[in-house]
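Q: Please go through the labels used for this model and set each against its definition.

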Amino acid sequence: MFSLIIPYHNREQWLPATLQSLLSCTCRPQHVLLVDNGSTDGSDLVCRNFAQAHPDWNISLLSEPRPGACCARNAALKQVQTEWVYFFDSDDELSPDFFEQVLKVVAIHPQADMVAAATVMTFPDGSMRCRAVQRNASVRDQILTAQFATQGLFVRTGLLRQVGAWNTELTKWNDWELGIRLLLSRPHVVWLPGAWHRIKQHPDSLTGNGFSHTLHQLLPAFEAVRRHVSAHGVWLAALAVRADIVAAQLQREGSTVEAKQLHRWAKNVCRQCPHPALARLLCIIVNRYAR
């Protein structure tokens, strides 16, 4: 009924725990696609050994030379034949009963296009924090809070293909941008209760620990979303607020030049809003609190 796609690039250190968490799941994916994205360490060997050790699993070992997790995800998506698809990162750990609970929700809500879930972020010091979610299908709230994240999206394969799959031009915040495109198609979204998985926050993770010196990766995501919502004043204002919040974080991290650049970008977005002065005032107020 569903396929699981896990891309990886130089994750030899993390993959064993990720794959072990897959073995602990109470419900098995119909198809598991592991995609090597140009690894130069022993990641590929880890996955090959895993597939050989579990011949009763339907595991495909793929390779995508184009760099970027989105390229690897899309390459695997082309081979998916199941009704549903789920993506996971190669340095995180699945909750054992996640798939079981998702399929129960799908059975209760056969009209669902997406099952969304909150995830649990874990930090090097051992602390944990649940990702804040509003549990709705609001484009505005996705812009402001990025509540639809990679590991929290269980999606109908046809819908994902319909909206254009993953944006291969984005190396940061691609799940944020994809969530907005999915919501713009007006899907039926059902939220899974609770919080799930162990999403590891470390300097080498896709999420990373901060925004410093990554503005060149963030701006393309902001620009892509701006194009998606350019005809909607409220969503544009929300996008400007989101940019100013990130700019304040950049300022706190010491990236003053990048913070000023993003502030200017947010100001330009405000000019496109139906009430630019009001939108800019909102950004200024939010920015002061964000500091």
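A: Two strands count as paired if DSSP finds at least two bridges between them. Helices (H or I, at least four residues) and strands (E, at least two) are DSSP runs, numbered from the N terminus. This is a predicted model, in which local features need pLDDT of at least 70, side-chain atom pairs count only at pLDDT 80 or more, and totals for chains, interfaces and linings use all residues. Residues are numbered from 1 along each chain as its sequence is written, and side-chain values use heavy atoms, with hydrogens and water left out.

Q: What makes strand S1 and strand S4 a pair?
A: Four bridges join S1 (residues 2-8) to S4 (residues 84-87), and the two strands run parallel. The requirement is at least two bridges, so S1 and S4 pair. One of the bridge partners is Trp84 in S4, which belongs to Phe2.

Q: How do you know that S1 also pairs with strand S2?
A: S1 and S2 (residues 31-36) are joined by six bridges and run parallel. That meets the requirement for a pair. Pro7 has Val35 of S2 opposite.

Q: Why is the unit of S1, helix H1 and S2 called right-handed?
A: A crossover is right-handed if, with the strands pointing away from the viewer, the path from the first strand over the helix to the second runs clockwise. S1, H1 (residues 15-23) and S2 make a β-α-β unit of that hand.

Q: Why is S1 described as mostly covered?
A: Seven of its seven residues are buried, where buried means under 20% relative accessible area, exposed over 50% and partly exposed in between (1.4 Å probe, protein chains only). Phe2, Leu4, Ile6 and Tyr8 point one way from S1, while Ser3, Ile5 and Pro7 point the other way. In a regular strand the side chains alternate between the two faces of the sheet.

Q: What makes Ser43 buried, and which residues does Ser43 contact?
A: Ser43, in helix H2 (residues 43-53), has 0% relative accessibility and therefore counts as buried. Contact means heavy atoms within 4.5 Å. Leaving aside neighbours within four places in sequence, Ser43 is in contact with Tyr8, Asn10, Arg11, Glu12 and Leu15.

Q: Why are helices H8 and H9 called roughly antiparallel?
A: The axes of H8 (residues 215-228) and H9 (residues 233-252) cross at roughly 170° and come within 11 Å. Axes are lines fitted to C-alpha atoms, for helices over the stretch in contact, and angles run from 0 to 180 degrees between N-to-C directions. Angles under 35 degrees count as roughly parallel, over 145 as roughly antiparallel, 65 to 115 as roughly perpendicular and the rest as oblique. H8 and H9 are therefore roughly antiparallel.

Q: How do you know that Val269 is buried?
A: Val269, in helix H10 (residues 256-271), has 1% relative accessibility and so counts as buried. Not counting residues up to four places away in sequence, Val269 touches Arg226, Leu236 and Ala240.
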